[in-house]
Structures are given as structure tokens and as C-alpha cells.
Amino acid sequence: MIMVAVVRSLMVLLLAQVLLGGASGLIPEVGRRKYSESGKQSPQQSENFLNEFELRLLNMFGLKRKPNPSKHAVVPQYMLDLYHMHSANGDHSTKRPRSMGKHAEKAASKANTIRSFHHEEAMEALASLKGKTTQQFYFNLTSVPEEELVTSAELRIYRDQVQSSSSNSSSGLHRINIYELFGRPGADQPLARLLDTRLVRDSFSRWESFDVSPAVAQWTSGKSHNRGFMVEVLHPEEQGEGGEHRHRHVRVSRSLHQDRDSWAQARPLLVTYGHDGRGDAVLHRRDKRQATLRKQRRKQNKANCRRHDLYVDFSDVGWNEWIVAPPGYHAFYCQGECPFPLADHLNSTNHAIVQTLVNSVNSNIPRACCVPTDLSPISLLYLDEYEKVILKNYQDMVVEGCGCR
């Protein structure tokens, strides 16, 4: 069903581009001439056709309407790093982001959808007590579809070093505790459950990743109410000049970030890893069958069934406003003859061979058709209707091999 939907959607995409007179790079010149000569469409018919094609593709991408993100929408660098890692296509020099936790790496290998959420700044709550600082964060997760199973989640906090004024102090350690909050919103003494903890050295700045899977899985499944997280930073006291006590702490709120541009990328980030029940995992390398397929293509007669170039450029349909990466992709298509007798490199089924044999003596029976026999996925990084950044794997989007079936 997924493959049929993809093929139909791509056909609508190609036809829509022809009818609207654009996208010179989307289809071959021969095909463009053929469709343009086949019939004429009125402006209203063309507009309706484009709307229908767009709805089909958006539905395939799991969207109800075309996203329209603002110019101020922020794409976290971490999501870009994940995209480059997942779309490396066999380039193993592209390693996982340095700050990616081991639990997140394992979760990513089993997920086909990765979502990121910035916290709601209006709902921050900061408290400083002797020896510790606490910060409350709330992330709105209502945009996660009901059918999506969230299997893991990580809370990412940028630990920005704050130098001590004490001249004789050495690098110290901080303990960072992450709690799930319970109880009434705004309560003076909210209930809390420890989710993850880490002892970190404060001599440099870096991202820290914490496993918050138990809480997020409960929230997204509706089994418990989302009250947010509490980040607790325990810091050792230092003896400064004049005998007063000074301490280091971790910057986790806008008020401590004087540079507004840096805060956009340094905000706490919640990343969820899930699966919508369709297809395989995000970490899908396309290098497994590449060598074999290249050899097969070199052997093929140009008139016989084979793979042809087809590049889909998202800017041609105005989707580059919300699709962050890639700008387009090589979809390819299959075309050519399935002659009698069928050669081995045409990757035919037994049924196709029998059908071709019958066709050779009875022309009323059609020959086998040239169709995709091997397809691979692509990863898309995009902003959804709520300006949430999503990395998603879409199955059967690229033709890797053709054959007679």
C-alpha cells in the first residue's frame, strides 16, 4: 500500500509540474513533450489538480496541511547532525553527534520518526538555594500523533561554563539531577521522581544528554499528565576573596544568556524517538546492494528495462519553505522493454518469464512490465504545522533496481 501511494503521488507530482509549465528538472524532455501535447487544462482545472496533488503528498508525509513556519523558526543543530548521520548513505565517516547519549543512539536505530521540542519559556521557574539551583521546564507534546509509539526520549541541556572569581580554585564537579514532576501545576512543593543523574566536570561547556524515556512514554500514551521536568544542579561551594562563599553553576535559562542568538541554539531540547508503524528504521544504509545493482545496470541494453534519472526538487513546488533537508532527491524511474527471451540481468520473476513466453505466441497476452524491484527510503528533516522540527524516514522513495514483472 505504501509503495502504491508513493508511485501514485510521484505521478501526480510529475503531471502537476507539466500542467503548470514548470520544473524543467523533474521529468525527461521526451515525457514533458508527450504530456504537454496530450491535452490542455484550464487555469481552474490546473489549480484544482495542484491542490489535489499537494493533499496527496502531505497525507503521505503524515501532515494534515502544508506547514507555514515563520522566519524565526529555529532548527536545532542537533537535528541537523542527526539528519546528516542518517542520510550518509554508507559514508561511515559521518559519525554520531559527540553529545548523543548511548541510549539515544540505540533508540534512533529503532525509530523512523525523531521529533524535537523547545521548552515553553513562559512556564519556566527558577529557584536558587544554598548549594543547588533548580529549574523547571515544560515541553508541549500535544503534536505527537496518537498512533506514534514513543520508545525513547532524551533531555538535552547545554552546560555553559561560568568561571569562578576565585583565583585559586581548581576545576570542580557538578551533579545534575533530572526529575519528573507530579501534582498540581505551580504547587510550592511539587512531587518529583528521579529520572537520570550525572556527575559532570565544569571546566568546559558542552551539551549533556539525559534519559527521560519513562516520563515521556507515559505522557504521550496518555497514561499520566505532563507536568514537566525539574533540573537540579548541585554545586560545591568555593571560598573566595574576603572569606565569602562563591560557587559555579550551569546556565539553563535565557536570563543568563546575554547573546540572544546563542540562546536560540542553547535552549533546553527534548528529543523523542518513535515509530508510526510504517516501514523500517531511520538508520537505513543504502550501500548494501549498491555494488551489485551498478554491475547489473552496466550490462543492460539501453532499450531494455532499466533505471532512468529523475530528480525531485522541493523548491519547484514551494516546499523548500518547510523542508529543511534535503533540497530534493533522486527518485529515478523504470522504463524500457522486456524482450523475449528475458535476460538474467532483467531480474525477472518466474511468472514474468512465463508471461513473456506466452506473449511470444499469443500477442493478446501483454509482455511483462518494467517496474521497480528494489526501493530504498529517504530521510526528511522538516518543520511541521506547529513549527516542531522532525526527522522522519519515508519508505520506498528511491528506485534502486528495475526488472520485468
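This is a predicted model: local features need pLDDT of at least 70, side-chain atom pairs count only at pLDDT 80 or more; totals for chains, interfaces and linings use all residues.
I then checked their sulfur atoms: a disulfide joins Cys338 to Cys404, with an S to S distance of 2.1 Å. I looked up the torsion about this S-S bond, which is about -95 degrees, so the disulfide is left-handed. I placed Cys338 in the loop between E16 and helix H9 (350–361) and Cys404 in strand E18, so the pair ties together parts that are 66 residues apart in sequence.

I turned next to Cys334 and Cys402, which form a disulfide with sulfur atoms 2.0 Å apart. I noted a torsion of about -85 degrees about their S-S bond, so this link is left-handed. I located Cys334 in strand E16 (residues 333–335) and Cys402 in strand E18 (residues 389–404). I recorded relative accessibilities of 15% for Cys334 and 6% for Cys402; Cys334 counts as buried, and Cys402 counts as buried.

I then examined Cys305 and Cys370, joined by a disulfide with S to S 2.1 Å. I read 75 degrees about the S-S bond, and the link is right-handed. I found Cys305 in the loop between helix H8 (290–299) and strand E12 (306–308), and Cys370 in strand E17 (residues 370–383), so the pair connects parts 65 residues apart in sequence. I noted Cys305 as buried at 1% relative accessibility and Cys370 as buried at 16%.

I counted three disulfides in the structure. I wrote down their pattern, with bonded cysteines counted along the chain, as 1-4, 2-5, 3-6. I found Cys369 partly exposed, at 47% relative accessible area.

Notes:
Residues are numbered from 1 along each chain as its sequence is written. Side-chain values use heavy atoms; hydrogens and water are left out. A disulfide is a pair of cysteine sulfur atoms within 2.5 Å. Helices (H or I, at least four residues) and strands (E, at least two) are DSSP runs, numbered from the N terminus. Buried means under 20% relative accessible area, exposed over 50%, partly exposed in between (1.4 Å probe, protein chains only).
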